Amino acid sequence: MKRCLELAALGIGKVAPNPMVGCVIVHNDKIIGEGYHQQYGQAHAEVNAINAVQDKSLLTESTLYVNLEPCAHHGKTPPCADLIVQHKLKHVVICNRDPFAEVDGKGIAKLEAAGITVETGILAPEGLWLNRIFFTFHTKKRPYIILKWAQTIDGFIDRDRAPGDHQPPLKITCDESNRLVHKWRTEEAAILVGKNTALLDDPRLTARHWPGKNPLRLVIDPQLQLPSTLRMFNDENETWVFNARKAYFEKNICFEQINDPSEFPHEIAEHLYKKGIQSVIIEGGKNTLEHFYSAGLWDEARIFTNPMRIGGGIAAPRFTGKEVSREHIGEDILQVYIPG
């Protein structure tokens, strides 16, 4: 199962909105085939693993390991449970049951009805963490929400700035951390900032320092005060503007109306769920981060701390959580937190 999870992780950033899935087929304690879901719309892990087995006659005496329940419905591809039944595998070991309503136990039931022995729950916590975006979307009915910011060692995220100052944003993190952030952007469905960050920083919100897709750009602008000349409104990708005034689509800009700007975290989360957006990384500013945090709408926080000191400015968001990892990225320290 550890090998299944290793294989599954190779699909990160390529298979969404599908989950990451790896599959290993074992005969007499020897791996005879393995595969993973490589690209959305293409073959699932079980198909690739079975296709990798050279002697298909061995399948009837083999065990198939997979980190997520085999699908039982026709989507972009035929049901994997049917393929397993067709090849008469005798034993299937599953890490996690699939929470997606079209599957959710149906794949397991189909296998058991065919006389296949099924085990579940093997390395379940590790499987849940790998596919935490997928599980959150289908169980909590909202996107997986990541809060991200960089702070100085004395607790500031920026200098005090105003739009008329024309001061560039304070560069806190090192180049290695910046590249990592752009890698994260390729892995998430959307990226969100507030009006002040858009106005002061004029960010592009793209993944230009890492190969991969750009995330959908989201900005909160309640009274539509942002100028159309900002770089987030260019044609590098689509941009959604959450506002209280109108719903309208124009070229690559979609104006999404929210009813109560004071409750925008809940409305935005609900809207993104209905639109099928499974994950969003929130990169500022302080007020936007704190609004989502205060609303309890966050699943992970990624915080960079650099050894520089600036002595004053905009204080980092007030925050508590359970630290799950800490590592050095160049001269920065990256801490990852979850609620708890």
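**Close-up 1. The loop that holds Gly 285.** Gly 285 is placed in the loop between strand S13 (279–282) and helix H10 (286–294), where helices (H or I, at least four residues) and strands (E, at least two) are DSSP runs numbered from the N terminus. The peptide bond that joins Gly 284 and Gly 285 is cis, with an omega of about 0°. The model shown is predicted, so that local features need pLDDT of at least 70 and side-chain atom pairs count only at pLDDT 80 or more, while totals for chains, interfaces and linings use all residues. Residues are numbered from 1 along each chain as its sequence is written, and side-chain values use heavy atoms, with hydrogens and water left out.

**Close-up 2. The cis peptide bond at Pro 17.** Ala 16 and Pro 17 are joined by a cis peptide bond, for which omega is about 10°. Pro 17 itself belongs to the loop between helix H1 (2–8) and strand S1 (22–27).

**Close-up 3. Asp 29 and its positive phi.** In the loop between S1 and strand S2 (30–36) one finds Asp 29, a residue that has a positive phi of about 65° although it is not a glycine. Asp 29 is exposed, its relative accessible area being 80%; here exposed means over 50% relative accessible area, buried under 20%, and partly exposed in between (1.4 Å probe, protein chains only).

Close-up 4. With a relative accessibility of 25%, Leu 123 counts as partly exposed.
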